Amino acid sequence: MPEDETERERSRPRLALPLPSNVIALQSTDRREKLRIVEALLFAASEPLDEQALARHFVEGEDVKALLEKLQGLYADRGVNLVRVAGKWAFRTADDLSFLLEKQAVEQRRLSRAALETLAIIAYHQPVTRAEIEEIRGVSTSKGTIDVLLETGWIKLRGRRRAPGRPVTYGTTEAFLEHFGFESIQDLPGLNELKGAGLLDSNLPPGFSLPNPDDAADLRDDEEPLEDEPLGSGEEDDEGRDEPT
């Protein structure tokens, strides 16, 4: 080829060649790998994980929440779902298939009616003292009932009421939310839901309403910090069963 033609050939603009497939898919492949990492961490975890715990496995600034929401969508129609409980994330059996695993996976915790009523009062009225629980129930509450709920890990001692005798105040825990599948305490059933489930009498007094549940960790103005004292100190010791007041 003459020298002038060679120069003209070199000066012609070259068409861009298509990028290799592995380069084109680099970003999506990277995202899929991140989703696999999140999936593996949640699958292997013995308890729900929060976004901060997951973020430690990625570079700073990674949008872990977006990865979780994407993974949640991918598992939406599967046998297990990615759910958010108590502000953390975990894989759980799909609700419509839970009956298949009841015998193998459901841990039976038989609580007495008194314990269930006490737990419900604490959940809706927290922070609440034992005397306030008794006033709402209309019967005295034995120390054993409170102890059972403390042993399950569903309630905790919050502080002490700024009142004569400085009675202990009680509230629910993250374990309570996790066991009952609530993301937050505000997910507790409302008045219409409780009536629909037959848990409340349809003929309620005029103006009856449920309190707005709040499990904020900060102590209220009428509470003071709980000192390092033996469990149950400051409250009467009684061995008896629940009796009408």
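Reader: At what angle do the axes of helix α7 and helix α8 cross?
Author: This is a predicted model, where local features need pLDDT of at least 70, side-chain atom pairs count only at pLDDT 80 or more, and totals for chains, interfaces and linings use all residues. Residues are numbered from 1 along each chain as its sequence is written, and side-chain values use heavy atoms, with hydrogens and water left out. Helices here are DSSP runs of H or I, at least four residues, numbered from the N terminus. The axes of α7 (residues 113–125) and α8 (residues 130–137), lines fitted to C-alpha atoms over the stretch in contact with angles from 0 to 180 degrees between N-to-C directions, come within 10 Å and cross at roughly 110°.

Reader: So are α7 and α8 roughly parallel or roughly perpendicular?
Author: Angles of 65 to 115 degrees count as roughly perpendicular, under 35 as roughly parallel, over 145 as roughly antiparallel and the rest as oblique. That's why α7 and α8 are roughly perpendicular.

Reader: Which residues of helix α5 are buried?
Author: Buried means under 20% relative accessible area (1.4 Å probe, protein chains only). In α5, residues 64–74, the buried ones are V64, L67, L68 and L71.

Reader: And is L54 buried or exposed?
Author: L54 sits in helix α4 (residues 51–55). Its relative accessibility is 0%, so L54 counts as buried.

Reader: Which residues does L54 touch, leaving out those up to four places away in sequence?
Author: Contact means heavy atoms within 4.5 Å. With residues up to four places away in sequence not counted, L54 touches V38, L41, L42, L49, V64 and L68.

How values were computed: Helices (H or I, at least four residues) and strands (E, at least two) are DSSP runs, numbered from the N terminus. Buried means under 20% relative accessible area, exposed over 50%, partly exposed in between (1.4 Å probe, protein chains only).
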